[in-house]
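Subject: Structure handover

Hello,

Here is the structure I promised to pass on. Please open it and keep it in view while you read.

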Amino acid sequence: MLYFKRKKKKVIKKKKIPKKKKVVKKKKKAIKKRSLKKAAGISRGKEAPIGKVTHYFPQVRAGAIIIKKGKVAIGDILRIKGHTTDFKQKVKSIQIERVPVEEASAGEEIGVLMRSRVRINDLVYKVIK
């Protein structure tokens with residue numbers, strides 16, 4: 001009988017890779033969010049309910065509002081509050097039946113440019129300084 005010598009298996013050692021050091025990120029300082037409100041001239045004050053949103057036109061970013069009581073004029077500050085909506089803005093333009101007007105009173109349905117999307121039945125308040 002012939003016996004063959006068994007070859008020894010070569011063991012390959014894995015190279016040790018040095019671990020990377022963790023980089024510690026510095027925390028950023030908090031930025032005050034007062035600039036938008038001050039720039040728009042919006043301040044805290046009492047709010048009087050004046051109506052509700054009846055429609056929103058996304059192409060022109062305008063909302064239709066029916067005024068139930070009070071008056072709305074250009075330059076007034078409105079607060080729109082709903083289930084998913086809550087913001088304040090100055091009135092920049094008002095239209096009644098596609099005709100620009102300076103102010104509107106109770107019983108009229110007006111179109112107002114909005115800075116954000118509004119939903120049907122969102123309540124509209126007038127901020128009193």
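This is a predicted model: local features need pLDDT of at least 70, side-chain atom pairs count only at pLDDT 80 or more; totals for chains, interfaces and linings use all residues.

Strand β4 covers residues 77–81, and five bridges join β4 to β5. To see one of these pairings, find Leu78: its bridge partner in β5 is Gln89.

**The salt bridges**

The count comes to four salt bridges. I describe some of them here.

Glu47 and Arg79 meet through their side chains, at 2.9 Å from N to O. Glu47 lies in strand β1 (residues 46–57) and Arg79 in strand β4, so the pair ties together parts that are 32 residues apart in sequence. Arg79 also forms a salt bridge with Asp86, again with 2.9 Å from N to O.

Is Arg79 buried or exposed? Arg79 counts as buried, because its relative accessibility is 18% and the cut-off for buried is under 20%. Its two partners come out otherwise. Glu47 is partly exposed at 29%, and Asp86 is partly exposed at 43%.

Another salt bridge joins Lys71 to Glu103, with the closest N and O atoms 3.8 Å apart. Lys71 sits in strand β3 (residues 71–73) and Glu103 in strand β8 (residues 103–105), so this pair also ties together parts 32 residues apart in sequence. Both ends are partly exposed: Lys71 has a relative accessible area of 48%, and Glu103 is at 45%.

Next, some backbone angles. Most residues other than glycine have a negative phi. Which residues have a positive value here? Arg98 is one of them, with phi near 65 degrees. Asn121 is another, with phi near 75 degrees.

Both lie in loops. Arg98 is in the loop between β6 (94–96) and β7. Asn121 is in the loop between β9 (109–113) and β10 (123–128). Arg98 is exposed, with a relative accessible area of 77%. Asn121 is partly exposed, at 47%.

Best wishes

Terms used:
Residues are numbered from 1 along each chain as its sequence is written. Side-chain values use heavy atoms; hydrogens and water are left out. Two strands pair if DSSP finds at least two bridges between them. Helices (H or I, at least four residues) and strands (E, at least two) are DSSP runs, numbered from the N terminus. Buried means under 20% relative accessible area, exposed over 50%, partly exposed in between (1.4 Å probe, protein chains only).
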